[in-house]
Amino acid sequence: MDLAKVQELVFEVVAGLVADWDLDAEIGPTTRLVADLEFESIDIIQMVVAFEERLRKRNLGFEKLLMIDGRYVDDLSLGQIAAFLHQRLTVAA
Amino acid sequence: MTRTLFIGLDGATFTILDELTSDPYGEGVTMPFLAGLIAGGHKAPLRSTNHPLTPPAWVSLMTGRNPGSHGVFDFVRFKDMGHDVYFTLYDARDIQDETIWSLAGRQGRRIVSLNFPMMAPPPEVEGCLVPGFTSWKHLRRNMRPEGLYDRIKAIEGFDPKELAWDFEREAKIGEDMPEDEVEGWVRHHLPREAQWFRIADTLLEQENPDLFAVMFDGTDKIQHQAWHALDPALRPAAPSESWLRLRALCLGYFRELDGYIRRLVERAGPDAQIFLASDHGFTASPRVVRINRWLGEKGWLTWRAAGDSEAEKRRESANFAYLDWTKTLAYCPTPSSNGIAIRVARGPGEPGVPEADYESFRDTLVAELKEMRDPLTGEKVIRDVLLRERAFPGAAMGDCPDLTLVLADYGFVSVRNVAPVVSMRATPTGTHHPDGIFIAAGPGIAPGASGRFSILDVPSILMHSLDLPVPRNFEGRVPDGLFAREVTIGPPSRRMAAGTAAEPQVADEASEAEKLRILEQLKALGYLED
């Protein structure tokens, strides 16, 4: 799957997640989970599940994206998530 | 026509229900309908799983298998990556045994399952499934069948924020709360339970399934924080006004609950068999045991210095261990686990105990834990230390902490870095007792009372009530004398590869290899047949 397709998938999954949240945010590569979409820890877990369900694959290694040098990151953009997923899917293929 | 109505009451105990179905203090009978149900039905204490905790216990009730087989041990699962440990939540895909929802469905029975934990993401069912313990933000995509959310949304008074699980609020369970905060806590759970009742009542009428199952969990939440207002042993000789107010609120909750049970039983009709069960009971926990603090003082655990970022602060205050993983040999991952994970080094220079020293390290740890004492009274604070291969035998055993602690008062441990290791609470909090409740009533149920049943018996009982054979690999049984009709035994339930609850998954090679190693270990120990 090329990066553009992965990005499209990320936007679609995240847009589905936040559909009932009454948010006014745009969905795009610079959209940030916490700052723009008001994500809490549980929402990040649900997002990971949603990607795993959509891709029919568990253990995508999201801990490598969420933790850097043993510390949890403050925020992530949808572009960063797409790039990470693209890299993981390329390695898996 | 609904043949089997199952009402789960999270944490319900006869310590409280015996009082609420009688009138020992001249307050009136709080639960008159339940009193009548028990009088005409069958009652027994119900022994929970070895660690009486909501996720493993309800999943055992749904699968007929112990946690070492079904694979769910806690709310939170952890993955040791050597220099780090990653925490996330268990979900439906971690259940490795078939549930009764699936078993009933593939034998032609329609089901409705409401508010049971570990049911998200939702598996396909013949009927309707709404998972419990799910944030309002994620309810829509976690229901089966598609479109159910809009049907539920049309129910008068539906409010997803009132209905759903609030992770931030529920994390306060077990913390000392001032009385007015406890009152707010109880008040919060009144509308929440009403929301679940309205959904249950609507779907019971619309779907009329063979098996209708709903779980009310306000019982557990209220008992955790307001136990001192309910436990007959803690009733003050001269109750204060605030105590009386809190008690009246709690009784109001149970009165409402009695009404919900009555209306569901009436809706199911006179031909339905009725079953009520809890995942565990309740008792008082007057003591705090800070187990990671103790491990740190022994030199087996090193705390991590938290950074300044918001994420770091959130992480440090979260209810799971935040440690220097390069220097930690043993740790308790979460308070709810009551467990200690021993880290085995993956190679020379890697963090953990060398593999060759594992047994002796574990023996030392167990011996020292059993000697831990309350400095004020000199009493031992740990009742038992369970070894995972004995308490949770099965193919999933490797995901369980190496040791599970049973505290003297059945309390949950604290994982915070606070001194001293052992202290007393200002007010005893409610904690899980291994003995919950079982009640059965309706046509074909022999009235009476029995000695203790096992939580693993409940799915066998439900299968039998549905006129289906009991899978021969179920670990429980249909207790003698409960039914007039003879029990039949059928083919085993299906074993699922981890991650198959929703869709076929790609297996994780490392975890598969680990499972094979554990299977070999279990065979060597005699827990599994070749």
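Mentor: Residue classes come up throughout: Ala, Val, Leu, Ile, Met, Phe, Trp, Tyr, Cys and Pro count as nonpolar, Asp, Glu, Lys and Arg as charged, and the others, Gly among them, as polar. This is a predicted model, where local features need pLDDT of at least 70, side-chain atom pairs count only at pLDDT 80 or more, and totals for chains, interfaces and linings use all residues. Residues are numbered from 1 along each chain as written, chains are lettered from A and ligands numbered from 1 in written order, and side-chain values use heavy atoms, without hydrogens or water.

Three cavities of 30 Å³ or more are counted (sets of 1 Å grid points where a 1.4 Å probe fits but cannot get out). The largest cavity holds about 110 Å³, the space filled by probe spheres set on its points. Its lining has 14 residues (those with an atom within 4 Å of a point). Nearest its centre lie B:F73, B:D74, B:S337, B:C400 and B:P401. The lining of the largest cavity divides into nine nonpolar, three polar and two charged residues.

Next, the helices (DSSP runs of H or I, at least four residues). In chain B, the axes of α12 (residues 291-298) and α14 (residues 358-370) come within 13 Å and cross at roughly 120°. That makes α12(B) oblique to α14(B) (under 35 degrees is roughly parallel, over 145 roughly antiparallel, 65 to 115 roughly perpendicular, the rest oblique). Their crossing is right-handed (the near helix is turned clockwise from the far one by less than a right angle). B:I291, B:W294, B:L295 and B:K298 of α12(B) meet B:L365, B:E368 and B:L369 of α14(B); contact means heavy atoms within 4.5 Å. This contact of α12(B) with α14(B) has five nonpolar, no polar and two charged residues.

Also in chain B, α9 (residues 179-207) and α10 (residues 218-226) pack at about 175°, axes 10 Å apart. So α9(B) and α10(B) are roughly antiparallel. B:W185 and B:H189 of α9(B) are among the residues in contact, as are B:K221 and B:I222 of α10(B). By class, the contact of α9(B) with α10(B) has five nonpolar, four polar and two charged residues.

Finally, chain A. Helices α1 (residues 3-17) and α2 (residues 41-55) pack at about 125°, with axes 10 Å apart. That makes α1(A) oblique to α2(A). The crossing of α1(A) and α2(A) is right-handed.

Terms used. Axes fitted to C-alpha atoms, helices over the stretch in contact; angles between N-to-C directions. Helix = DSSP H or I, 4+ residues; strand = E, 2+ residues; numbered from the N terminus. 1 Å grid on protein atoms, 1.4 Å probe; cavity = no way out; pocket = protein on both sides within 12 Å on 5 of 7 lines; lining within 4 Å.
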